[in-house]
Protein chains: 2
Amino acid sequence: MSSDAPNQPKPEEDGVNVDATQSKKAAKKEAAKQQKRAAAAAAAAVTAISLDAPDPLAAHYGDIPLEDLQSKSVTGREWTEVGSLAEGLEGRTVLVRGRAQTVRAVSKKMAFLIVREKGFTVQCVLSVSPDVVSLGMVKFTTGLSRESYVDVEGTVSVPNSPIKGASQQVEIQVRKVYCISKAVPALPINIEDAARSELEIDKALQAGEQLVRVNQDTRLNFRVLDLRTPSNQGIFRVQCQVENIFRQFLLSEGFVGIHTPKLIAGSSEGGSAVFRLDYKGQPACLAQSPQLHKQMAICGDFGRVFEVGPVFRAEDSFTHRHLCEFTGLDVEMEIKEHYSEVMDIVDRLFVELFDRLNERCQKELEAIGKQYPFEPLKYLRKTLRLTFQEGVQLLKEAGIEIDPLGDLNTESERKLGQLVLEKYGTEFYILHHYPLAVRPFYTMPCSDDPTYSNSFDVFIRGEEIISGAQRVHLPDFLATRAEACGIDVKTISTYVDSFRYGAPPHGGFGVGLERVVMLFCALNNIRKTSLFPRDPLRIAP
Amino acid sequence: MSSDAPNQPKPEEDGVNVDATQSKKAAKKEAAKQQKRAAAAAAAAVTAISLDAPDPLAAHYGDIPLEDLQSKSVTGREWTEVGSLAEGLEGRTVLVRGRAQTVRAVSKKMAFLIVREKGFTVQCVLSVSPDVVSLGMVKFTTGLSRESYVDVEGTVSVPNSPIKGASQQVEIQVRKVYCISKAVPALPINIEDAARSELEIDKALQAGEQLVRVNQDTRLNFRVLDLRTPSNQGIFRVQCQVENIFRQFLLSEGFVGIHTPKLIAGSSEGGSAVFRLDYKGQPACLAQSPQLHKQMAICGDFGRVFEVGPVFRAEDSFTHRHLCEFTGLDVEMEIKEHYSEVMDIVDRLFVELFDRLNERCQKELEAIGKQYPFEPLKYLRKTLRLTFQEGVQLLKEAGIEIDPLGDLNTESERKLGQLVLEKYGTEFYILHHYPLAVRPFYTMPCSDDPTYSNSFDVFIRGEEIISGAQRVHLPDFLATRAEACGIDVKTISTYVDSFRYGAPPHGGFGVGLERVVMLFCALNNIRKTSLFPRDPLRIAP
C-alpha cells in the first residue's frame, strides 16, 4: 500500500494550479490513512482468533483483509456456484462463495456451516483432523455472524442420508474458510423467519411453539435482508421473465420499444393525483402514464410501439394493489378496422406469457409457492371475451345489481371473476364495450351507441390488470371529448395538435408489471412484487 | 348511431341513485351530439367533391366518415405493407394504408400519389378510364393534403424504368382511394425538407437553388412530423435494438433485470443537480441514477443485475451530449477478485452489440447515413484497455499536458480518441485506474495506491460513454469515504446500512442509451436520439 507507485507522475510535472494539487495531495493522504485504519482493523480480527495458540493452519482461515478485496490480483481461481453442486462432483475440490446462513457447533472439534448463494444452500462440514482442520478453524467458523460473506474451499462428498437443512444433496468437507464481509451480529430479521410460511407458523402454534412472524413493514424496512428469502429470489426472477417475454413477443410482432419522457408540462391525463415539481422555473409533473406520448409515437409513424417504464401516481391509496410508483407495460398500435385487433394482441401475448412462465420458471414458482401457496392460474388457449353488458347480466343472474352505465367496484370484479370461473373455467378474461362515461376522454365511443366505448379491461383472478381501448384519432373530436370530461384543452395542446398532421386509427393498453406477478402467483399484496415499494407512507429504503 | 341499443338496460331497471343516472344521460346525449357533428362534417367533405357531377364511381373514393372508423365492423380485408410491395406481386390487387406523402397532378385525367408507410414509399397512379378511374377520383386525390392518412386499392404493376421518387420498385394502378384522416393543409414542416442532408442543401446552393433547412428546435417543436423521416425511423429502431441486444446478452450471462424506484428521499449521489419534489409531505427527489438501489439489489443476493430506466439530471448543461432526462442502462455484479471482471462484461457486451447492430440494422443504418453520413465504427475483437496513466502519457507525447490526478476534459478526451485510433486502430476503448479524487465516493480505491481507484471510463469516437468501477462494500469505510467527499452520511443511511448485513465485493457501470446510438452513428447532437428530449429549456412536446 505504498503511495510511491512508480508510474504516478509527480505534482511538479504537470501544469495544474497549486491549490488543486495540494487539495489532491491532502485527499490522497486522507485516503491512505483510511485504508491503513481499515486494514489494521481487519488484521486485528485475524490476530484475535489465532492468539489462542500458534496454529500451523492459520493461513487456511480468517478474515480477508480489505486490501485483498480491492482488486489486488487475478489468481485464476474458479468458484463453483452453490446451485450447481451435485453428486457428479464427488471427490472434487471446490471453492464456493456465499453467505454463512447458519453455523452449528457440534463440539469444539466439529461444526456445520450452511452456505447460501442466490437461494441455494449447501452444508459444509468442519471436522478437526491433523494438517486439514484445526481447532482454531472450527472456532473461527462457529464465530461467524449469520449472513456474513464467506469463501469456503473443500472436497465434495455425498452423505448416506438426505440432507434436510440444505437445497444441495452433497456436502463440502472444508479445508479453508475465509470471511470476506461480516454481517452485524444482531440482524433485524433472520432469513429463516422471513422465509417461513403462515402454515408453518400455524402448525407450530398448534404444537405449542411460537415462531417469529415478520410483518410486512419490518420486511420493507430491512428489504435487503428480506429479498434474500427463496420466495423473494423467485418473485423478482419471475418478474424479470414477465418483462422479457412481454418484450420478445412484441418485438416478434413488429413493435418498436420506445422511451417517453417522465417529466412533462401539465398533467398527463388530468386529475389531481400527480406529483408536481419545478422544472427549471417551469411548472411540471411526473407522467401518470406514457399514454399521450405513446400515441404521439404512433403519430410519428412507428406503427406499433411498446414501453416499459415507471409510472407515478400521487393517489392516497392504501390498498393491497396500489403503489405511488410502479412499472408500466404499455402498448399502442395502429388498428385497421376494429379494437378487437388490440384484444387479439392481449390474448396471444398473455397466453404466451403464462405458458412461458410455467415452462421456464418452475423452480422460482415452486420457491414462491413454498412460502405463499397458490394454485396455478387457470386460463384458456383462446382468451374469453365478454361484453360489459354480459358481465352485468351474469352478476344480475347471481342476484347482484350494478349500475349498467357505471364501473365495477373491487367487490363486483371479484364476484364476476368467480362467476366466470364457474361458468367458463378461466381466471383470465377480457371484458369489453364499457360505458363511455367511466373511461378516459381519449377513448373512442362506439359507432352504434355512444353511451358505450371501444374499450376493455382484463382480469386475472378477479382483479383488473389491464385497461385498453381504441383512441380518438381526430383532433377536433378529441378536444371536444377532453372538454366534455372537464379537461382544459390548453394544458394538453401539444398532444391534441399531434393529430392535426394526419393520424391513423389506433388503440392500445397498459398493464402494471407488479400486478401481473402478484396475480399470477396469487400474492396478497403488491408490495411483495415491488423491489423497493413506494406508497403514500413509504419512500425508503 | 341509435341511442336505443337493444341490450342497454333502462335506467329504472337498476338501483343507482337518480343523480348519477341523469348525469350519465346528459353525458350520453352530449357524446351522441358530438358524434353526429363529426359525422356531418365528414359527410359534407365527401359531398363537396361529388357535387361537381353525379359520378357512378363516387363510392370508390372520398373521406371515410367517422363512424366507419369506430370499430364498426370486421370485414376481413387484408392490408399489404408498403415495405413488402415487390415485383412478385405483379397483377395482384392490393390494399395499402399510409400517408399521402406527395400528390402530383399531371393533368385533369392523371395524377401520381406517393404513399408512405414506416419510411417506405410506393408510387400510386391514377389515370382516368371508364368504370375504373373517374375525373372526380383524380380531383379528390389531387386535393389530398400532404401527410393525410389514406387507404389505396389497386393493381400492382411493374414499370419499364426505375422509379426515382419511391423506395418500392412497383406501382399501384389505383381503383379506390379513401381518406382516413386529414392533415392540416399547411404543415409546419415538410417531410422532404426534414429528411434532407446538409450535403444536398449545399450542392443545391452551389447550383443556385436555396433549399429549406429545418433547424433542430423546429424539428423538436413538431416532433411528430420530424419523427416520420427515414433517418428518424431508423434511429429509434436502432435504439430499440441497442436495448434489446443489451438485455439479451446480460440475461444470457445470468443477470436479472430489475426496476428500482425513481422517487427517493434525499439525493441519490449528493450534489445539487437533482429535481426536488414534495412526496406526500416529505421532501424527495428524482433518482440521478439507480446506483444506490442497484447496489442494494446486490446486497439482496441477486448476484448480477441490470436496469433500463429513466435517469434525471437537473444540470444546466447546454451541450450536444447532455439531457435532463435520459435512459440509463445500468449494470451491477458481484466480483470475485478484480474489477477487470466488470470490464470483461463491458468488452464482450459491446463487441456483441456492435456486431449485431451492423448485422440486423443494415436498412436502418443506411437510412440514417443517407441524411447524416457516417463511417462505420472501428472496434477490435478484444477491446483495448489502457490505464489512465498510459492515456496521460499518450497525450504528453503528443504535446498535451494534463493533470495526472485530474479528469479528462472534453477536448483531451477527443484528442486521446484520435491518438488511440492512430496507434491502435480502434474508436472504442477502455481507460481504467482513474485518480480517486475525480470519482464518486462509493468508488473502491486501489490496493497499491489509494490515489488511484478501481474504476474505468469507456469511450466511443473520442467521447465518454460508460463510467464504471468496483464499489466500496464495507459500510464503515463507505461512510468514511462519503464524509471525505462532503456527503452527509445521514442522508444516505439506508444505503450505507445495506452493507451492514454482509455484502460481497461488487462493481458495475452505467451507460446512456441515447449516447450509445448517437456515437455509434456519429450523430452530432443527443437530441437526435431522444424521442422527446428534455433539456433545461425544453419540457414539451
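Residues are numbered from 1 along each chain as its sequence is written, and chains are lettered from A and ligands numbered from 1 in the order in which they are written. In this predicted model, local features need pLDDT of at least 70 and side-chain atom pairs count only at pLDDT 80 or more, while totals for chains, interfaces and linings use all residues; side-chain values use heavy atoms, without hydrogens and water.

**View 1. Relation of chain B to chain A.**
Chain B is superposed on chain A by a rotation of 180° with 0.0 Å of shift along its axis, at an RMSD of 0.0 Å (least squares on the C-alpha atoms of residues with pLDDT of at least 70 in both copies). The two copies are thus related as by a two-fold rotation axis. In chain B, the residue that comes closest to this axis is B:Leu277, with its C-alpha at 2.6 Å. Of the interface residues of chain B, 99% are also interface residues in chain A, so the copies meet through the same surface (contact means heavy atoms within 4.5 Å).

**View 2. Packing of helices α7 and α9 in chain B.**
Helix α7 (residues 230-252) and helix α9 (residues 340-360) of chain B pack at an angle of about 135°, and their axes are 10 Å apart. Helices are DSSP runs of H or I with at least four residues, strands are runs of E with at least two, and both are numbered from the N terminus. Axes are lines fitted to C-alpha atoms, for helices over the stretch in contact, with angles from 0 to 180 degrees between N-to-C directions. α7(B) and α9(B) are therefore oblique to each other; angles under 35 degrees count as roughly parallel, over 145 as roughly antiparallel, 65 to 115 as roughly perpendicular and the rest as oblique. Their crossing is right-handed, the near helix being turned clockwise from the far one by less than a right angle (anticlockwise for left-handed). The residues of α7(B) in this contact are B:Val238, B:Gln241, B:Val242, B:Asn244, B:Ile245, B:Phe246, B:Phe249 and B:Leu250. On α9(B) they meet B:Ile345, B:Arg348, B:Leu349, B:Glu352, B:Leu353, B:Arg356, B:Leu357 and B:Arg360. By class, the contact of α7(B) with α9(B) holds ten nonpolar, two polar and four charged residues (Ala, Val, Leu, Ile, Met, Phe, Trp, Tyr, Cys and Pro count as nonpolar, Asp, Glu, Lys and Arg as charged, and the others, Gly among them, as polar).

**View 3. Crossing of helices α9 and α10 in chain B.**
The axes of α9(B) and helix α10 (residues 362-371) of chain B come within 5 Å and cross at roughly 85°. That makes α9(B) roughly perpendicular to α10(B). B:Leu357, B:Asn358, B:Glu359 and B:Arg360 of α9(B) meet B:Gln362, B:Glu364 and B:Leu365 of α10(B). Two nonpolar, two polar and three charged residues make up the contact of α9(B) with α10(B). B:Leu357 and B:Arg360 also belong to the contact of α9(B) with α7(B).

**View 4. The eight-stranded sheet of chain B.**
An open sheet of mixed pairing is formed by eight strands of chain B, in the order β7-β11-β12-β17-β16-β15-β14-β13 (two strands pair if DSSP finds at least two bridges between them). Its edge strands, β7 (256-257) and β13 (384-387), each pair on one side only. Within the sheet, strand β11 (residues 304-312) and strand β12 (residues 325-334) of chain B run antiparallel and are joined by nine bridges. B:Pro310 has B:Thr327 in β12(B) as its bridge partner.

**View 5. The edge of the sheet in chain A.**
In chain A, eight strands form an open, mixed sheet in the order β7-β11-β12-β17-β16-β15-β14-β13. β7 (256-257) and β13 (384-387) stand at the edges with a single partner strand each, so one side of each is left without a neighbour in the sheet. β7(A) runs parallel to strand β11 (residues 304-312) of chain A, with two bridges between them. A:Val256 stands opposite A:Val305 in β11(A).

Strand β9 (residues 276-279) of chain A is joined to β10(A) by four bridges, and the two run antiparallel. A:Arg276 has A:Cys285 as its bridge partner in β10(A). The hairpin of β9(A) and β10(A) has two residues between the strands, and A:Lys280 takes a positive phi near 50° there. Strand β8 (residues 263-264) also pairs with strand β10 (residues 282-286) of chain A, in the antiparallel sense over two bridges. Here A:Leu263 has A:Leu286 as its bridge partner.

**View 6. Backbone details.**
The peptide bond joining A:Ala540 and A:Pro541 is cis, with omega about 0°. A:Pro541 lies in the segment after α15 (513-520) of chain A. In chain B, the bond from B:Ala540 to B:Pro541 is cis, with omega near 0°. B:Ser71, although not a glycine, has a positive phi of about 60°; B:Ser71 is in the loop between β1 (61-63) and β2 (93-107) of chain B.
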